[in-house]
Each structure stands twice: as C-alpha cells, then as structure tokens.
Amino acid sequence: MLNRAAHRKRFLQRVYEGLIERALFGCALFSVLITGGVLSVLLFETLGFFKEVSLIAFLTDTQWTPLFFEKHFGILPLLSGTFLVTAIALSVALPIGLVSAIYISEYASDPIRIFVKPTLEILAAVPTIVYGYFALTVVTPQLQRFIPSLSGFNALSPGIVMGIMIVPIIASLSEDALHAVPIGLREGGYALGATRLQVVLRVVLPAAISGVVASFILGVSRAVGETMIVTIAAGLQPRLTLNPLVPIETATAYIAQVSMGDTPHGTLAYRTIFAVGTSLFLLTFVLNIMGFLLRKRFRNLYE
Amino acid sequence: MSSSGDLPKPRLDPMHAKTLRRHILPRLKDRLFAMVGLSATLLSLLVLAVLFMDVLGDGLSRLNWQFITSYPSRKPDQAGILAAWVGTGWLMGLTGLIALPIAIAAALYMEEYAKKNILTDFIEITVANLAGVPSIIYGLLGLGLFVRWMNLGRSLLAGAMTLSLLVIPAVILSSREALRAVPNSIREASYAMGASQWQTVRYQVFPAATPGILTGIILAMSRAIGETAPLMAIGALTYVGFLPGRGLFSRFPINFDCLLEPFSTLPIQIFNWVSRPQKAFSVNAAAGILVLFLITFMMNGMAVYLRYRHQKRSRWS
C-alpha cells in the first residue's frame, strides 16, 4: 500500500505534467494567433480603404496612381506585373528544377548527389537582396547586349533571376516526391525492359505527380510573394502590360515602395498598402493550401 | 543503375525500323536525358559561381577595416557598415530569444502531445500556410501591430518581433521533422522504465532530436539575416549614426529603452546603396553583400556539418 507522501508526490507529478502540456499547447496555438493577427490587421485597414474606394473601381480600373495628384486605384496593373514576372520566373524554374530533380533522384551517382544537394541549399539561402543586385548589375546589362530595346528596368531580368532563385525549391521538393516512390515500381518497369527515362516518364513521374505539382505551386507562391528582386530591378512603375521589356511594378514592390517613403499613418495612401497586401495574402493563401493538401495526399500515398 | 548499361549488341539489323524504334532510340534518349539532366543541375551551380565571382570582383577591393568600422556616409569611400552589422547582430539575438522557445515548444506539442482532432489539424494547416506567407505581409503585420498598435515605433524590438513571426513557422516545421525521426521504440522503452510523458520528452526524445532541431534553427536564422522586405515595411532606418543597443547597461540592472531606438541592418544598408545611381555606392553594396555572404555561408556550412555528424553518429535509421 502506498503511503500518503507517495500519493502526494504522484498527484503533484500529474499536475506538473498537465501544466507543461498546457504551456506547450499555448505555444502551438500561437501560430493560430499570428494568423489571426495578420487577418485582423489586413482586414481592418482594408475595410478603411474600401470606405473611400469602391471595390469595382479597385478591380476594374486600369491605372494605379494613388501617390499622384490624379488618383486611380485599379489593382490590375500591379497584378499584371506580378503575373508577368511570375510567368517568366516559372518558365525558367520549372524545366530546370524538374529536370534537376529527376537527374538527382534517378540518375546521379552518390558523389554528385552529395555535392549537389548542399549546393542547392546554399543557393536557396542566398538573400534575395543579393539576387536583386545580380539582376540589376549583371543580368540586365548582359540582356541589353542582345535586346537593345530593353529598358534599364524591366520585367525580364528580375523574372529570370527569380526563376534561378526558385530552382532549388522546385528541385528539392520534387526530388523528395520522386525519391519517395517505392523502388518496387521502378523494378517492375526495368523488368519489362524499359530504360531509365521510360521508367521515369511513365512510372515514377506519374506516381509522384501530386508531390511534383505541389512543388510547382509552392514555387509560384514564392514568386508571387518575392519583393526585393522586383523592387530593385523592375522599375516601380505600375503599368498594365505583358511586355517584358519595359518597367513595371508588382504588388510586393508597391508595398516596399510606399514603405520606403514617409507615408503618414491613417492616410489613404497608407491604407493602399494593406489593400494590396490583402490581395497578395489571398492569392498566396489559396496557393499554399493547394500545395499543402497535394503534399499531404502524396505523403499518405507512400509513407 | 546497371539496367541501361552499355548498348546491347543488336542481334537484328540495326537499320531495321522496328529495332531502331524499340531498342536503339530509347537508349539514345536515355543517354541524352542523362546529359541534359547533368547540365541542368550544374547550371544552378554555375549561376552560384558566377554570382559569387561577380560580387567578389566588384566588392573585394572595398572590403577593409575602415569599411567594417565606419558609420554610413554620403561620401561612398568613407561609408561603412558598423551600425548595420551591429544592428543585424542585435536583431538576430532578440529574434532568437523571442521565436525559438515558442517554436520548439509548439513543435513538441504537435509531435508528442497532440491528439488527432480538428483543432490540431487546423493548427497544422495554419503553420504550413504561415511558412508560405510572403515575408512582406509579415512586415505589414509588424507595421500595423507592433509599430502602430503597440506603439513600439520603428524600433529594434518591433523589428525583432516581426522577424520572429517569420522564423516561428519555419522552426516549427523543421523541429517537427527532427522529432518525427526519433524512432518510437525510444519512447516505448522510456515508458517501460516508468517515465512520465514529459520525462520521456525531456530526457529521451528531445536530446535525440537536438541535432536536427539545431540544423533547422540555423537554417531559419540564416534566412532571417538576409530578410529585407519585412524590415523595410516596418520602416527600418537606413541612416543610423550610432550603435544600436549601446546603452543596455547604462542603468542598473538593464536599461531596455535602448531596444526602442531605430536601427539599421546589413540587407537594409545594402538596399540603400544598390538603389543609388552612383557606381561607387554599388561597389559598397557589393562589399556589404560579401559580408552577408560570409555570414550565410558560415551558418549553412555549420548546418550541413551538424547534419553530417549526426548522420554518422546516430544509433538508428
């Protein structure tokens, strides 16, 4: 039979354990709190914005000039800028990223893999301001030698550099997905006399497709949210165009541009950055949830 | 893999269309793809090399003691990064203090304690989403919440809190992965010895996962060091003619007022120099980037080393 002291000790122990679990749970809830904070700050200021500007004007006006004397609040030029740079970035990053992923997962010998994977990680860790500097001082002047009509600030050069920035993300996430496909599926293909390429294209890639698509979506989300490269090299001139050779402005760059100046708190110009921020948040939110669900589905398939 | 080894000697006439289509072409395509794949993979390495050489060529001559120990200046050859790197150091220290305990505790809860229900699913999807939110949005949150609402101003503390929001989801994700890699048999053995859940977590699971958690922390912090956009959004100054946090011990025991002063960081200073038209400032930017590179490479190297050593020594998997 246990004596009193032992009972007491056991009771205290249980209370202590309970407290720790509560505390840890509180920390886990913190992330929900952050999301709540993001949403409420964005919503609060955005509602203030839409008291003065109609939603229809915001979505249909083709000019964005909130800092000028004659004010227009159409977000389309910023969205077209974002879309243009993202499209250029993806047309660079998708093929290179996917081919690298297939190579690393299916072809590369161990020494190459051991050398390449950390290098890709370093490439992913290069601060984006460095990529911005690179776009402005190296890529744009080099492109101008081939395309004389290219403006000093344009969508093409930051788009290409952003693509290079996204390659490691797509490559490593796709490689994870390809690598997780059971070896038995591959062996089945080889047993039928298929080459590595045939096995990759007809067995491994289809089996890993949800993971690969998820990596694309997360790449898009990164491109849409990238700020510094476009702020430095794309020109900060909102323009409704799909011409990659002229200066444009993306949604992120607009927020950065207004923050650089001294916009007083509470003005309409101050609120515009939150309205743009809300649009940006919604866009990336949809992309992130899609990517998350696809990855989860993929994990459940093979792990 | 051996399955595609050497071309087998065709037993049939190699010029026969069917042989060509079924046996020779697929193998040629396979070889071709191997070459394309290798060049695509090496391309990213090449870009990294070009980038590095370019910055090295532009900035190395400017990188000297005077550059590291001077305040910013209107004259490019007298300007330096003293306030910037001290600011970066303070910012990272504060961010670590705020973000890491919360993030690790959250990861411990989600991996070791959480039961499968709607709430934990919701938390999980929230964290995954937060890790993908553009960093400038965190800047807007910092601007609305810390700078305005909590009235911290454009201060070191507001900056650190903003960066913490960025670091927390990343560290939660990597720490969870490290905890998940600890085999269940370790937990079961601990329970079998009569340990409670917290004792198991505290003395078995957490120590076993420490190298993985540490790797994730280093990577997340090295990303945070290079972050520019959120700090711009909260309005970090670019001209700071004093050392941030210099008055920490000016009053007994600690004077926290100095955390409410404006600050600058390395990436902000670099951005300021990049956006000026004069060539001499662009050289300064390159020199600043070299310092930033050095820090990032060192931290990533540390992470790679930690992981390598852990892989060698781990008793399982």
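A residue is called buried if 20 or more other C-beta atoms lie within 10 Å of its own, exposed if 12 or fewer, and partly exposed in between, with C-beta atoms placed from the backbone. These legends describe a predicted model, in which local features need pLDDT of at least 70, side-chain atom pairs count only at pLDDT 80 or more, and totals for chains, interfaces and linings use all residues. Residues are numbered from 1 along each chain as its sequence is written, while chains are lettered from A and ligands numbered from 1 in the order in which they are written.

View 1. Leu236(A) sits in the loop between α10 and α11 of chain A; helices (H or I, at least four residues) and strands (E, at least two) are DSSP runs, numbered from the N terminus. Leu236(A) counts as partly exposed because it has 19 C-beta neighbours inside 10 Å. Its phi is near 55°, a positive value in a residue other than glycine. Asn243(A) is also found between α10 (228–233) and α11 (251–260), and with 13 other C-beta atoms within 10 Å it is partly exposed. How far is the C-alpha atom of Asn243(A) from that of Phe30(A)? They are separated by 44 Å, and the two residues are 213 residues apart along the chain.

**View 2. Where chain A meets chain B.** The contact takes 75 residues from chain A and 74 residues from chain B; two residues are in contact if their C-beta atoms, placed from the backbone, lie within 7 Å. On the side of chain A, helix α1 (residues 4–52) gives the most, with 19 residues. That side of chain A has 50 nonpolar, 20 polar and 5 charged residues. Here Ala, Val, Leu, Ile, Met, Phe, Trp, Tyr, Cys and Pro count as nonpolar, Asp, Glu, Lys and Arg as charged, and the others, Gly among them, as polar.

**View 3. Helix α1(A) crossing helix α5(B).** The axes of α1(A) and α5 (residues 135–149) of chain B come within 9 Å and cross at roughly 75°. Axes are lines fitted to C-alpha atoms, for helices over the stretch in contact, and angles run from 0 to 180 degrees between N-to-C directions. So α1(A) is roughly perpendicular to α5(B); angles under 35 degrees count as roughly parallel, over 145 as roughly antiparallel, 65 to 115 as roughly perpendicular and the rest as oblique. Among the residues making this contact are Val38(A) and Leu42(A) of α1(A), and Leu141(B) and Leu145(B) of α5(B).

**View 4. Ala103(B) in the largest nonpolar core.** This core has 186 residues, and Ala103(B), Leu140(B) and Val171(B) are among those with the most contacts inside it. A nonpolar core is a set of buried Ala, Val, Leu, Ile, Met, Phe, Trp, Tyr and Cys residues joined through C-beta atoms within 7 Å. Leaving aside residues up to four places away in sequence, Ala103(B) touches Val167(B), Ile168(B), Val171(B), Ile172(B) and Ser175(B).

**View 5. Two loop residues of chain B.** Beyond residues up to four places away in sequence, Arg62(B) touches Phe67(B), Val283(B), Asn284(B) and Ala287(B). Asn151(B), by contrast, is exposed, with 10 C-beta neighbours inside 10 Å. Asn151(B) lies in the loop between α5 and α6 (156–180) of chain B.
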